[in-house]
Structure formats: structure tokens, C-alpha cells
Amino acid sequence: MSTEGSMRAIIAALLANIGIAITKFIAAAFSGSASMFAEGIHSVADSGNQILLIIGGKRAKRAATAAHPFGYGRSRYIYAFMVSIVLFSVGGLFSILEGIEKLQHPHELEMVWLPLVVLGAAIIMESFSLRTAVKESNHVRGNKSWIQFVRHAKSPELPVILLEDLAALIGLVLAFGGVGLTVVTHNPIWDAIGTLAIGGLLVLVAIVLGLETSSLLVGEGATAEDTGKIRKALEATPGVQSVIHMKTLYLGPEELMVGAKIGVASSATGQFIAQVINEAEGNIRSAVPAARVIYLEPDVLRKNS
């Protein structure tokens, strides 16, 4: 459900951004609006980002090899991190430079009705894209708040699309405000200020995405809730006297590795220990389906363990 929902949200955002980018550039060419041009670059960057997420999803499905025995699941994290770089450089910095240039060399807008119409239409289309991302995210976020969902999601695609669509919608409002104030006041400086605001917004979103995806790249363990479920599953297994220590690590968005040392009776035979481990692995997978790679080490519990 998570992967399918992520792909639906990505495709919806990609189609919306391609159409919006074309109309924005046409409006920018006829009106000379810096805000409109910055928004066109923003949509191009977003379209490229969605293509990156699709590529990352495809590469993550490659089978494990001797060089990569745990597979390529983290490819999705790598490509999500690349999204933050593109958003920061192509989207944010470019818009800021364009805004500075328009501050230094302001000029009157032409065909002012065109960018306003295009921005209004883009706001409607972007709202539908954001609605799709919200709908698909609601299937997997459970009772978490939106901030918690973005910060702790192990699948990066939906949080990335959510932040991108939200930034795009806010950016469109800023552009509309910049162009609108320019029309009302006949002062092109408002168009430049709108462009700078869009650039600052994209830089901020890019930093947030970069921080979150870099944490996933370094390696995150299971949530406290899932860790508790795994521990309970082990302790509930007959023959397991205690969980001496345990570590978890996400190898990919839907693949969790579990390593634990479990205490068994000193009189336990090898055959009995093998049965205990097999049953414990089954209990863990029933409790946390994402736990696909499990390594359990039996040990005799000692006082100083």
C-alpha cells in the first residue's frame, strides 16, 4: 500500500508540474514577470525531482548481489536526498538570484492579466496534487501528526511529495501576491520581492528534506513502538529467558534488520535452540512485518551479561 500510494502521488505531482511549468514559462515570456519565471523554474525542479524518485524506486528493486548482499533498498534514500539538492540549487538559489537581478534592474510588467490567470489555474491544479499526496499519506500515517509523519517516515517519497506540493502551493500564492501588488502599485519591486520569497521558501524546504533524508542515509533503527513489539515477541517465545541486547536497522523503507542476543537455558540442546530461534523469528515477523532480515544469537544468561 505504501509503495503503490507513493507512486500514485509521484505520478500525480509529475503530471501537474509538467503542465504547470509550460504555462508558467509562456506567461513569463509574455509578461516579463520574475515571480512567474521563478515559479516556472520551481515547477521544472519539482518535475525533475519526481523523476528522481521514480528512478530511485526502480533501482531499489534490484536483486541483492555479492557486492550488495542486503540489496539496494537504500537507493530510495539516495535519490530522495538528491531531490533536496536539486530543490536547493535549481529551485531556491536560482530564484533568489533572479529576484536580486530584478531588484537591480526592475521593469514594468506586460499583459499583467496573463500571469494572474496562469497562477490562479496553477493554484487549483497544485491543490489537486497536494490533495492526492495527503490522501495517500493518510493511508499510512496512522495517528501521527503531520510533523511526526514527515520526521519519522521510513519511506521518503510521500514526505518529499507532501513538502514539495505544500511549498509549490505557498510559492504560487507568493507569486500571485507579488504580481498582484505590482499591478496595483505599478511598482515592479513587488514582483522581485515575490521572487526572493519563493527562493527563500524553497531553500528552507530543501534544508528540511536534506536533514530528514540524511538521517535515513546514515541509518535509522526501528521506532520505539516497533522495538517494543519485537522485544515482546522475543520474550513471549517459549525457551527465550531474556533479551540480553538488541539492535535494529532499516536496510530500505520496507526492510528492517534485527540483531539480538537472547538468553537460553544452559541445559538447552542444539536442536531445541534451533527450534526456539525459528519460532522467535516467526513471532517477530508476525509482530513487525517489515522485519525481514533477522539474526538471533543464543547465549547462556550470566549475572554480568
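Q: What should I know about the model before reading any values?
A: It's a predicted model, so local features need pLDDT of at least 70 and side-chain atom pairs count only at pLDDT 80 or more, while totals for chains, interfaces and linings use all residues. Residues are numbered from 1 along each chain as its sequence is written, and side-chain values use heavy atoms, with hydrogens and water left out.

Q: What makes something a helix or a strand here, and what makes two strands a pair?
A: Helices (H or I, at least four residues) and strands (E, at least two) are DSSP runs, numbered from the N terminus. Two strands pair if DSSP finds at least two bridges between them.

Q: How do you know that S1 and S2 pair, and how do they run?
A: Nine bridges join S1 to S2, and the cut-off is at least two, so they count as a pair. The two run antiparallel. One of the bridges sets Thr248 against Val258 in S2. S1 and S2 form a hairpin, with two residues between them.

Q: What joins S2 to S3?
A: Again nine bridges, this time between S2 (residues 255-264) and a strand running parallel to it. Val264 stands opposite Val300 in S3.

Q: Why is the sheet called open and mixed?
A: Its three strands come in the order S1-S2-S3, with mixed pairing. S1 (242-252) and S3 (291-300) stand at the edges with a single partner strand each, so one side of each has no neighbour in the sheet. On average, neighbouring strands are turned by 15° against each other, direction ignored.

Q: Why is S2 described as largely enclosed?
A: Buried means under 20% relative accessible area, exposed over 50%, and partly exposed in between (1.4 Å probe, protein chains only). Eight of the ten residues of S2 are buried, so the rest of the structure largely encloses this strand.

Q: Which helix lies across S1, S2 and S3?
A: That's H8 (residues 224-235), running at about 135° to S1. H9 (residues 270-287) packs on the sheet as well, touching S2 and S3, and its direction makes about 145° with that of S3. Axes are lines fitted to C-alpha atoms, for helices over the stretch in contact, and angles run from 0 to 180 degrees between N-to-C directions. Contact means heavy atoms within 4.5 Å.

Q: Why is H8 called roughly antiparallel to H9?
A: Angles under 35 degrees count as roughly parallel, over 145 as roughly antiparallel, 65 to 115 as roughly perpendicular and the rest as oblique. H8 and H9 pack at about 150°, with axes 8 Å apart, and that makes them roughly antiparallel. The contact is made by Lys229, Ile230, Ala233 and Leu234 of H8 and Ala280, Asn283, Ile284 and Ala287 of H9.

Q: How do you know that H2 and H6 are roughly antiparallel?
A: Helix H2 (residues 34-60) and helix H6 (residues 157-185) pack at about 170°, their axes 10 Å apart, and they are therefore roughly antiparallel. Residues in the contact include His42 and Leu53 of H2 and Ala168 and Val179 of H6.

Q: Is Lys24 buried or exposed, and how do you know?
A: Lys24 has a relative accessible area of 1%, so it's buried. This lysine is found in H1 (residues 2-31). Beyond four places in sequence, Lys24 touches Met36, Glu39, Gly40, Ser43, Val118, Ala122 and Leu172.

Q: What makes Ala222 buried?
A: Its relative accessible area is 15%, so Ala222 counts as buried. Ala222 sits in the loop between H7 (189-218) and H8. Leaving out residues up to four places away in sequence, Ala222 touches Thr227, Thr248, Tyr250 and Leu256. Ala222 and Lys247 are 25 residues apart in sequence and 8.7 Å apart in space, C-alpha to C-alpha.

Q: Why does His186 count as exposed?
A: Its relative accessibility is 57%, so His186 is exposed. His186 is found in the loop between H6 and H7.

Q: What is the phi of His186?
A: It's near 60°, a positive value in a residue other than glycine. Most residues other than glycine have a negative phi.
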